[in-house]
Amino acid sequence: MARALRLARRGLNTTDPNPRVGCVIANDERIVGEGWHVAAGGAHAEVAALNDAAEPVRGMTAYVTLEPCSFHGRTPPCADALIDAGVARVVVPIEDPNERVRGAGLQKLRAAGVTVETGLMAAQAAELNAGFIKRMRTGRPWVRVKSAVSLDGRTGLKNGESKWISGSAARQDVQKWRARSSAILTGIGTVLADDPEMTARVSGPVHQPLRVVADSKWRIPMDGRIAADPGTLVVAGIGNPPQALLQSGATCLALPAAPGGLDLDALLKQLGRLELNEVQVEAGSRLCGSLAAQGLVDEWLLYVAPVFLGDGGPGPAALGPLESMDERTHFKLLETVRMGNDTRFRLEPLNQS
């Protein structure tokens, strides 16, 4: 199963909107065939592993990192492929949360006389597809906020200058997280101040994330770098978007208003309908703070550089002022990694609303 999970990670940047899945077919401890899902529309991991097998797999065991599908989508059901190949045993960590599956694949296998075992390395399998699982269960994508801060908690200087707080190793690590994301979400303030490109600049195949801009008054400049490829741009605002923006090829999401701006919960539900699994937020303190205050953040990447930026600059999230220490936002520390001279903390918010 560990090998199957490593194979699944090979599709980390390419499978959207599908989950990342790997499969190993073994005869006792001898691997006979293996494969992974590369991209939507292509062979699923089980079929790739069957095609890779150099001998008949009848009576063997298939280790699959997610329940085999049971319905005809872009490709035929993988459960049927395993049954037809004569596999005797299938081991999966977790069920597929897609309402079209949810145990139906396992039931089909059992009905055909295949032994099915579940639960092996379930936590690792769930983490690999956290965004897909959340979208299937809630209709919203997994929200990951990325922030780079100084030791005194600033994301920039008082005059707005912010390049660069972190070093090159940390900035390259951000690109890797972008590459696995379905979309990069930012605010119009960041677009107007920095003219960002918001693309994943990594080596190897990548399904470039959509660029999503929270822009309540539809102020986005169409000559900016973020709008260079309108087919990958999503703009969310209040009321009717301007005709020029509609004609540009950008996707426009007209959302209801909420105190302080856009209805962010409605935005995430719309992004879920666009089949986005993971959304990485790279925005100013206001948008990040609003997401955090509403309990809409699933994970926080905090890059801390060993520098002081002094008074007056913004922090990673505009929260408060708080009236009591009981209102603090608490996090669980999931991981600490050195990035050159910087440190990346991966955090999970604990007191979600």
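How many bridges join β9 to strand β10 (residues 251-255)? Five bridges connect β9 with β10, and the two strands run parallel. Helices (H or I, at least four residues) and strands (E, at least two) are DSSP runs, numbered from the N terminus, and two strands pair if DSSP finds at least two bridges between them. The structure is a predicted model, in which local features need pLDDT of at least 70 and side-chain atom pairs count only at pLDDT 80 or more, whereas totals for chains, interfaces and linings use all residues. Residues are numbered from 1 along each chain as its sequence is written, and side-chain values use heavy atoms, with hydrogens and water left out.

C252 is partly exposed, at 21% relative accessibility (buried means under 20% relative accessible area, exposed over 50%, partly exposed in between; 1.4 Å probe, protein chains only). Strand β9 (residues 233-238) also pairs with strand β8 (residues 210-214), in the parallel sense and over four bridges; here A214 stands opposite A236. Because five of its six residues are buried, β9 is largely enclosed by the rest of the structure.

A five-stranded open sheet has the order β2-β1-β3-β4-β5, with mixed pairing. Axes are lines fitted to C-alpha atoms, for helices over the stretch in contact, and angles run from 0 to 180 degrees between N-to-C directions. Strand β4 (residues 89-92) pairs with β5 in the parallel sense through four bridges, and V91 has E117 of β5 as its bridge partner. Helix α1 (residues 2-9) packs on the sheet and touches β1 (22-27), β2 and β3 (61-64), its direction making about 145° with that of β1 (contact means heavy atoms within 4.5 Å).

No disulfides (pairs of cysteine sulfur atoms within 2.5 Å) are found in a search of the whole structure. The sulfur of C78 has its closest cysteine sulfur in C69, at 3.7 Å, which is too far for a bond. C78 is buried, at 1% relative accessibility.

Two cis peptide bonds may be described in the loops. One joins D16 and P17, with omega about 0°, and P17 lies in the loop between α1 and β1. Another joins K163 and W164, with omega about -10°.
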